[in-house]
Amino acid sequence: MSSWRDRILREFTSKVSRLTLVADPDGLLLEEGILAAIQEQGFEVIPFEDHVAFRYAYESKFRSQWDEGKGVALVVVLPCESRHLNQLPYDLLQVGRRLSFSLGEIFPHLSYPIVAALDRGDLDPLDEAQRRYAPGLLGDNATKDFILRHVFEIAPELIKEPKDLLRVLLRRHYRMQRVPPVLDERFIELLKQNDKFKDWPLESIVPDRDAFFAFLQERWPAFVERIAAQAGGTHVRQRTQPYDLTFNGPVDLPFDDGDVRVYLDNLFAERLLQPTSHEDAGILRKTWVGVGIHTDPAEDRARRLNTLIESVRSCIPAPDARHESWLRFARQWAELTILVHRPLEGTSIMDPTTRDRFSDLRSRIDAAFTAWLVKRYSGLSTLPAIPPAMVHHIPRYVAHHLGSSSKSKVALVVVDGLALDQWIILRDALKLQRSSLCFREAAVFAWIPTVTSISRQAAFSAKPPILFPASIHRTDNDSALWTQFWVGQRLSQDEVLYLKRLGDGDLQDVAELLSDPRIRVSGLVIEKVDRIMHGMELGMAGMHNQVHQWACQPYLGNLLKVLHDHGFLVFLTSDHGNIEAEGCGRPTEGAVADARGERVRIYSDTLLRDRVHARFRDALKWEPVGLPQDCLPLIAPGRAAFVPRGERVVSHGGICIEEVIVPFVQIEEASAIRAVPLQLDQPSTPQKGGIS
């Protein structure tokens, strides 16, 4: 039987029409699988969001080529119902065929508002369940129960004991599974019917991943005490001594249940849970709970290293994986990268066998990620901005959090060149300085090539690089683009602030500017990490060490305090990451390259790029996805750089996972956490209406 995708894709066959106009109120055509399939049929998809931006792309990239009898077919997607297509420009209506798709047509027997709240990637299991079980016409609650069971594998009636609930929540939060709030509310409502969960902090630990792991962390020492007593420990804490708990609920959790215990190795290896110290560590290290006990630093590191290598090896996303799979995977890889390049004091470097295992794993990841990017990267830029998938989505996501209140404020801190592994180093240092900070961590894709002039401008402009061709090789236009975006969001120029060259020195002038009561939006660029990178001579180990030293200084923590004290909701991201690369030779093309980086060269002419590529056959001719047509990157092969052979540098510009996937974090004071946290794990419900 055909799937929900097939019902849409049968409308897109090659050469059927060069222009297709689609009313898509539910964002179905922007689902990754649909996008990839449509592009494979020779179509290019553009959402109609901004009249000026669309007209520029349409005239320069499509109509001019159609007039010459060339070019690809175009699909214009509008987030509106079919009757609003008539609001499109007349010249489009004259030549374009019209289509419309909606969730109501695909799932006619289920409650539309509930289905619309789902991430579009969850429609596959829902469609399969609808065809298999033919549920008939369902109301709101019945639809919620049907989705919980068949999409998220949650059967509330089978959750009878604490171990059952822990198993469900561990599976959900470890996988970073996205569940809409409307379904969480239903799940919690059903759980509360069981008296065994009446004192559990369900409103916190069910929807909030960070709260759930904090809940487990508080209770792990109590569980260790029980195991120590059973193992004959001599330093067991008296049960009359109360535990200092932030979350309500039972103190003793069944971590030893088989379905719960299976997660613990990875939770401690990935530092989602932290080991605890115990006087009976010598006894406990011989039991299965040793994974969560501080013992010998070298032994702890070796155990974590082996666990992470095997975990990462088993989790490399498939060729047709959704982009979220790579974002989740990148965080596991970042933890392993830190462990490899920054051993703790008193521990040794990896033994040759482990180093070979790591190198082999890295090669496999590089090959898989490159293959995935070639196939799927072109569709990322057209995904909805909420939740953000790429850096140019971030301003729209931040604007979503600004709201309509004149008192609300938002700040975007861009740490130039900060890789995901280096963010973890920063985060850990910030936690030590200010324990009150709360981090809602996620990740996004940078623009390729991963250079500042392209990716940082995209992050501040909310535009793909094709829409700022005049400044694509410069870094002095961020302020104008940042202000332009917010003026488009109906703020005045006086309400927008942009500051750069931050990272050192006194914050007095910055604090004075941020204290201006008119300022509602701030964009700040910290350039310290990028400067460290470009001066690095000691490889990635030196890079990690220098970032750690800077993180231990009070600058960033004080900047965050200034922002919070002035009422800003703070988001932190990066424009690109970095890798350690080895020289493969330097092209001697003279002045023909528009940009001459260590990991990428950019040319304005195909023949010039081909001439250099002939001497560097393993380099990648990256197609100008989202770039101006005269922006043609040649990316150094693998983990190589266009520097003399044998020379090693820390650089960026290429397509390794550390360069492309960067952190995106909401940072708040724990005492001021808002009711709606950062949810790259909460999709937005598409809004129906006309063309804005």
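Two strands pair if DSSP finds at least two bridges between them. Helices (H or I, at least four residues) and strands (E, at least two) are DSSP runs, numbered from the N terminus. This is a predicted model: local features need pLDDT of at least 70, side-chain atom pairs count only at pLDDT 80 or more, and totals for chains, interfaces and linings use all residues. Residues are numbered from 1 along each chain as its sequence is written, and side-chain values use heavy atoms, without hydrogens and water.

Start with the sheet. Six strands form an open sheet with mixed pairing, in the order β6-β17-β9-β5-β8-β7. β6 (437–445) and β7 (496–502) are at the edges with a single partner strand each, so one side of each has no neighbour in the sheet. On average, neighbouring strands are turned by 20° against each other, direction ignored.

Now look at one pair. β5 (residues 409–415) and β8 (residues 521–526) run parallel, joined by six bridges. V410 has V521 of β8 as its bridge partner.

Next come the helices. α17 lies across β6 and β17 (661–669), at about 130° to β6. Angles run from 0 to 180 degrees between N-to-C directions, and axes are lines fitted to C-alpha atoms, for helices over the stretch in contact. Contact means heavy atoms within 4.5 Å.

α17 (residues 323–341) also packs with α16 (residues 297–314), at an angle of about 145° and with the axes 10 Å apart. Residues in this contact include L305 and L308 of α16 and W333 and L336 of α17.
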